[in-house]
Each structure stands twice: as C-alpha cells, then as structure tokens.
Amino acid sequence: MKQKAMAILAAAALALGSATAGAHDAARHAGGIQAKPDKAVKADFDIVHAKVSTDKNVVIFHMAVSGKAGKTRPAKTGKLAGSNVFSYVWPTTIDPYEVGFERGAGILAMALTSHPDFDDTPLYDENGDGKLDNDGDLWHSHWVVLKPNEACGPGALGVVDIPEGAKPRLPRTWPGFPILLDSPGWDPTFKGETVEVRVPFDDAGVAAAAKFDGVTAGLRVNASVHAPLLCVVDVFKVASGDLSLPGKPNQ
C-alpha cells in the first residue's frame, strides 16, 4: 500500500514538473512573431518564434527553432573567397545611426554568425587560445546594415559595401572590413531550441519603438572578394513569411 502511494506521488510530481516546464517554455515563447514548424527547413534554422524585448537599457533578441539552435555551422573551405556564413538575424527599423553608422544607411540587423574561414572580431578571443584571429567558427554577434543588391541576385540583400576612399561614420568596434559591419562582442546564449543575445543601448527606447522580424540565412563572400563583398544567398526561413517586419518589441 505504501509503495503504491509513493508511486502515485512520484507520478504526480513528474506530471507537475512537466506542466511547470511547459508553462515556462510557453511564457518564454509568448508574444513576438509566431511561426509554424516547416519540415522542409533544417530544424536548427526552422524559426518558430522571434521576439525582441527590453529590460532597462538592455535589448534582448530572442529566437526559437524547432531543433537545437546553433547546432549546424558551415564547412570550412580553406579560403575567404566563396566561403559561407550561417546566421540568425533580427532585421529592424532602428536607424543605423543609433549604433554608430550613418543615418538611413540601410536596414539595421542584429546578426549571430558562424564562418570558419575568416575571423571578423579582431578585438576578441572567443575560444580563449590567446589568438584573436582564429575563432570565426564560434557563434558571435554583429550589427550589419543591409540593402537590396541586384549583384547578389534578383531581389537579394547584401551587406552594404564601403566604396574605396569613402569614410562613412562607423562604430568604434568596426572590424576593418570594407562593409557596414560592427563586431561589438556581445556573446549569444544558446540553450536547447533557443538563442538569445543581450545588447546594451544608451536608450533602449529606440529599440522599443522599432519593428523587427526574424530570419535564418546563409551568406557568401563574393568569389572575387570584391563589391559586393557579402551577399545573402540562401534564406532558410523568415519568421513573418514575407520580411514585413511586423514584430513589436515587448509585445
């Protein structure tokens, strides 16, 4: 009798724990942009939820996928030209000026990227081996400025190039590449199906007033390493379905 009672209590505790975990997950994935799983998309890039929220001066970019976030990274090719970049991206309507670029320079996006053939975070040693130029394969954060660029393909987006001799306004952590790219060094957090990155702002209100979307994509360095330097060549999934940036932070 005692054993039966204990078994019932154990089952009840397990059920309660499962219900609590489910409630926790539901709370984390509430609001934002909801998307249905798509078996045609690789699970770790199959967006089911994208959200942006603020906590005092910190903006939290959140994404959930139907598989294990961050699991897949590009294969190394051994050279920069033609190499691949995998990314989790939050395009926004925030003016690029707010993070150090020129006003109206293009579409400002927070991007988490992995690319084993080059390192574009020269200020940081992500793998802790004492070298600053060999850890591009580890997921890391960037601000990128995007614009439609037909040279990348019909209707495709590319990271905005900096023409030779031009001296546009750039963030202090610009890594030196001739494109509108910033390497601010904020570490992403991957946990199960979710990925998040917390970004400090002088005024998080500029993000709270913006709109956003969620995208997973493959980019490629131009085979000639020339303008356009970095193109979006393979969109895995768009949270909204049409890149309409319908998301509203804190909702």
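Select Ile33 and Ala50. Ala50, in β2, is the bridge partner of Ile33. Keep in mind that this is a predicted model.

Gln34 stands opposite His49 of β2. β1 and β2 run antiparallel here, and two bridges join them.

**The sheet around β2**

Five strands form an open sheet in the order β1-β2-β3-β10-β9, paired antiparallel. Which strands are at the edges? They are β1 (33–34) and β9, each pairing on one side only.

Select β2 and strand β3 (residues 58–65). Eight antiparallel bridges join the two. Pick out Ile47 as one example: its opposite number in β3 is Val65. Then go to the hairpin turn. Two residues lie between β2 and β3, and Lys56 has a positive phi near 60°.

Colour β2 by accessibility. Seven of its nine residues are buried, leaving the strand mostly covered. For the protein as a whole, 44% of the 251 residues are buried.

**Lys51: a charge without a partner**

Stay on β2, which spans residues 47–55, and select Lys51. Is Lys51 buried or exposed? Lys51 is buried, and it has no salt bridge. Its nearest side chain of opposite charge is Glu196, 8.2 Å away. Turn to the backbone instead. The Lys51 side chain reaches the backbone oxygen of Ala30 at 3.0 Å.

**Salt bridges**

How many salt bridges does a search of the whole structure find? It finds three. Visit each in turn.

Select Lys237 and Asp46. Their side chains form a salt bridge with an N to O distance of 2.6 Å. Lys237 is in strand β12 (residues 230–238), and Asp46 is in the loop between β1 and β2. The pair links distant parts of the chain, 191 residues apart. Both Lys237 and Asp46 are buried.

Next, select Asp55 and Arg198. Their salt bridge spans 3.6 Å, N to O. Asp55 brings you back to β2, while Arg198 sits in strand β10 (residues 194–200). The two are 143 residues apart. Asp55 is partly exposed at 38% relative accessibility. Arg198 is also partly exposed, at 43%.

Finish with Asp137 and Arg73. The closest N and O atoms of this salt bridge are 4.0 Å apart. Both ends are in loops: Asp137 between β5 and β6, Arg73 between β3 and β4. The separation is 64 residues. Asp137 has a relative accessible area of 28%, so it counts as partly exposed. Arg73, at 39%, is partly exposed as well.

**Aromatic rings**

Show the Phe, Tyr and Trp rings. The structure holds 11 aromatic pairs. Zoom in on Tyr88 and Phe190. This pair is edge-to-face, with 6.1 Å from centre to centre and 65° between the planes. Why does the pair tie together parts that are 102 residues apart in sequence? Because Tyr88 lies in strand β4 (residues 84–91) and Phe190 in strand β9 (residues 189–191).

Tyr88 is buried, with a relative accessible area of 0%. Phe190 is partly exposed at 28%.

**Charges over Tyr97**

Move to Tyr97 and show Arg103 and Arg169. The charged end of Arg103 sits over the Tyr97 ring, 3.6 Å from the ring centre. The charged end of Arg169 sits over that ring too, 3.8 Å from its centre.

**A loop stop**

Where is Thr121? Thr121 is in the loop between β5 (107–114) and β6 (140–148). Its relative accessibility is 2%, so Thr121 counts as buried. A polar contact of 2.7 Å joins the side chains of Thr121 and Glu126.

**Zoom out**

Return to the cartoon view. The protein has two helices and 12 strands. Trace the chain along its sequence and the pattern reads α-β-β-β-β-β-β-β-β-β-β-α-β-β.

Key
Residues numbered from 1 in each chain as written. Predicted model: local features only at pLDDT ≥ 70, side-chain atom pairs only at ≥ 80, totals over all residues. Heavy atoms only, no water. Helix = DSSP H or I, 4+ residues; strand = E, 2+ residues; numbered from the N terminus. Buried < 20%, exposed > 50% of the residue type's maximum accessible area, 1.4 Å probe, protein only. Lys, Arg positive; Asp, Glu negative; His and termini not counted. Polar contact = N/O pair within 3.5 Å; in protein donor to acceptor, adjacent residues only side chain to side chain. Phe/Tyr/Trp six-rings, centres within 6.5 Å; stacked < 30°, edge-to-face > 60°. Lys NZ or Arg CZ within 6 Å of the ring centre and 35° of its normal. Pairing = 2+ DSSP bridges.
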